[in-house]
Amino acid sequence: MSDESVLLVYPPSQWGYIDRFCQPLGPLTLGSILRDAGVKVKVIDLSGEGWTPQQLYAHMKEENYTHVGATILTPFRDIGYGILKAAKKINPDVVTLAGGPHISFFKEKVLKEYPGLDIAVSGEADLDIVDIIQNPKKKFYDLGCVEDIDALPIPDRSHVRHIEYNELAGIYMDDSASMKWIRGCPWRKCRFCSRNELTLKHRRRSPEKIIEEIAIIQHELKYKNILVVDDSLALNTKFSKTILRMKIKEGLDIPFWALARVDQIDEEAFQLMKRANCSGLQVGIESIVPRVIDMYKKAPGDPRDWLPKVDRVLELADKYDIIMIGSFIVGGPTETAKEMQTTIDYLRTSKVDIVQPFAFQYVIGSEFWHEAVDSGQLKPDDIYAYNDKKYGTSPYTAKELFDKVLEAEDLINGPILNPGRYVRLVGKFVKQKKWRVIWKNILQLPKIIQGLLLEHPYDIVVEDELND
Ligand code: B12
């Protein structure tokens with residue numbers, strides 16, 4: 001063991017808010033690499049734990065870490081920096097590190113944003129983290145991405161094994177391990193997304209390594225489900241089909257969910273998914289209006305082909321009993337009320353099982369954001385702005401768009417307004433013979449209803465804690 005003792009935290013989006021959807025695979029992978037190098041390391045997923053700032057500070061005081069690192073996401077950067085500031089206040093000798101997407105987007109500019117930060121790391125830190133901890137040479141590292149992701153160890157899930165990650169779009173999906181089959185988005189052209197500026201090119205792991213990890217997740221770690229959180233998995237490819245075939249052949253019958261693209265799934269993929277025990281997919285539908293799809297640059301080819309593709313995939317999912325969660329955008333730039341309604345009306349009668357409507361946001365780094373800033377509609381510090389008529393980019397206020405989101409949720413997901421959807425969803429679970437999941441979902445009903453009625457219980461700001 002070396003002398004260093006490292007804490008890596010994945011900050012919450014809001015203090016005390018519990019989010020048990022996905023494991024923080026970045027810090028957990030860095031955790032494996034440090035462990036293998038003989039460095040004492042602890043990874044804490046604050047979203048999963050639901051800790052208060054006081055709990056975290058008490059932990060940091062007790063453990064006296066030499067290094068504290070945080071994954072920084074742009075919308076929650078203040079919480080991340082707040083944790084590092086607190087670590088420094090508790091132990092002025094501690095070395096603070098910041099990594100994750102915010103640093104990859106803003107690079108060394110983050111050192112101006114938070115001058116007290118010791119080390120900022122842009123890009124994937126897997127190959128350099130040990131050296132950065134043991135032999136630091138500079139305040140800013142620009143690492144880019146790892147080419148051979150097959151050579152990396154699997155995430156050390158022992159840090160989070162006591163947490164049950166089980167929630168997906170309001171349904172119980174069972175005790176789940178998250179995993180990645182690829183890194184980086186294969187498309188990276190959607191104008192609402194910032195991924196094209198995040199210099200992560202698309203890389204794949206080998207099917208053999210993926211199957212090895214699935215076997216560990218099922219047999220050694222004894223998870224009940226897998227959530228594949230890739231940036232758009234193309235399921236119609238030889239790569240994905242090979243993994244599905246190997247999973248079937250090896251008898252690895254653990255169920256799984258994946259994030260996929262509707263234009264990259266064919267019938268053979270559905271047949272294989274059914275045999276490989278896929279429970280469901282989450283896909284980005286965004287809109288069904290060709291003008292809007294074209295404006296978003298969501299897909300290659302003729303935008304008029306998008307709706308038939310969405311329709312076909314929902315039909316096939318119904319045929320093969322795969323649950324479909326579809327997200328879509330409400331109130332994109334110039335989107336009219338009629339266009340929004342067209343998408344909502346279609347989804348209401350389509351074979352989608354759950355929808356997740358999102359109000360359009362100008363996300364820093366996306367093409368839409370750059371254009372709105374260049375034309376003076378947004379200010380450069382409007383970094384996650386919801387669309388609003390005050391910007392001249394929508395006929396509606398953000399409040400009106402939020403109301404539309406809620407209305408769409410009620411119309412499509414609501415048990416009273418759309419009972420047929422429930423019948424189909426339960427029917428799919430029954431045909432999948434997921435009795436434990438059905439039972440747990442029934443037991444969860446009071447919690448789900450309570451969740452709909454309650455605001456987040458508390459919202460403590462770290463800065464206030466520090467001023468105490
Ligand atoms: C899976 C995923 C999710 C999952 C799970 C997130 C999680 N708990 O890890 C879900 C679906 C829940 C999610 C939600 C959100 N996400 Co998300 N998500 C991703 C996705 C597709 C992959 C992340 C991942 O697991 N990567 C694999 C690991 C291995 O990489 P990594 O986490 O980046 O870690 C590496 C480096 O960043 C670095 N690193 C990471 N942490 C640290 C810490 C230190 C100290 C150091 C030195 C290095 C370091 O080294 C790691 C290993 O190489 C990325 C897109 C992408 N390709 O990055 C978006 C992404 C991270 N998400 C993004 C956003 C905006 C969100 C949301 C805010 C969306 C929303 N509006 O609700 C929420 C926030 C939820 C939350 N509290 O985190 C943005 C972040 C943009 C930004 N500027 O910060 C991204 C980049 C997508 C995009 N649009 O560009 N997300």
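This is a predicted model: local features need pLDDT of at least 70, side-chain atom pairs count only at pLDDT 80 or more; totals for chains, interfaces and linings use all residues.
1. Domain layout. The domain assignment divides the chain into domain 1, covering residues 5–150, and domain 2, covering residues 164–433. Taken over C-alpha atoms, the centres of domain 1 and domain 2 lie 28 Å apart.

2. Contact between the domains. Domain 1 contributes 16 residues to this contact, and domain 2 contributes 26 residues. On the side of domain 1 that touches domain 2, the largest share belongs to helix α5 (residues 101–106), which supplies three residues. By class, the residues on that side of domain 1 comprise eight nonpolar, five polar and three charged.

3. Geometry of a helix pair. Helix α8 (residues 207–220) and helix α9 (residues 238–249) have axes that come within 10 Å of each other and cross at roughly 40 degrees. Helix α8 is therefore oblique to α9, since an angle counts as roughly parallel only under 35 degrees and as roughly perpendicular from 65 to 115. The crossing of the two helices, α8 and α9, is right-handed.

4. Residues between the two helices. From α8, the residues Pro207, Ile210, Ile211 and Ile214 take part; they meet Phe239, Thr242, Ile243, Met246 and Lys247 of α9. The contact of α8 with α9 consists of seven nonpolar residues, one polar residue and one charged residue.

5. Glycine 31. This residue, glycine 31, is located in helix α1 (residues 25–36). Glycine 31 counts as buried because it has 25 C-beta neighbours inside 10 Å, where 20 or more are required. Setting aside residues up to four places away in sequence, glycine 31 touches Leu8, Val41, Val43, Asp156 and His159. Glycine 31 and isoleucine 129 are 98 residues apart in sequence, yet their C-alpha atoms are 9.6 Å apart in space.

6. Alanine 408. The position of alanine 408 is within helix α15 (residues 398–413). Alanine 408 is buried, because 23 other C-beta atoms lie within 10 Å. Its contacts, leaving aside neighbours within four places in sequence, are Val330, Ile344, Val355 and Pro357. One of these, valine 330, is 78 residues from alanine 408 in sequence and 9.1 Å from it in space, C-alpha to C-alpha.

Terms used. Residues are numbered from 1 along each chain as its sequence is written. Helices (H or I, at least four residues) and strands (E, at least two) are DSSP runs, numbered from the N terminus. A residue is buried if 20 or more other C-beta atoms lie within 10 Å of its own, exposed if 12 or fewer, and partly exposed in between; C-beta atoms are placed from the backbone. Two residues are in contact if their C-beta atoms, placed from the backbone, lie within 7 Å. Domain bounds come from an automatic or database domain assignment. Ala, Val, Leu, Ile, Met, Phe, Trp, Tyr, Cys and Pro count as nonpolar, Asp, Glu, Lys and Arg as charged, and the others, Gly among them, as polar. Axes are lines fitted to C-alpha atoms, for helices over the stretch in contact, and angles run from 0 to 180 degrees between N-to-C directions. Angles under 35 degrees count as roughly parallel, over 145 as roughly antiparallel, 65 to 115 as roughly perpendicular and the rest as oblique. A crossing is left-handed if the near helix is turned anticlockwise from the far one by less than a right angle, and right-handed if clockwise.
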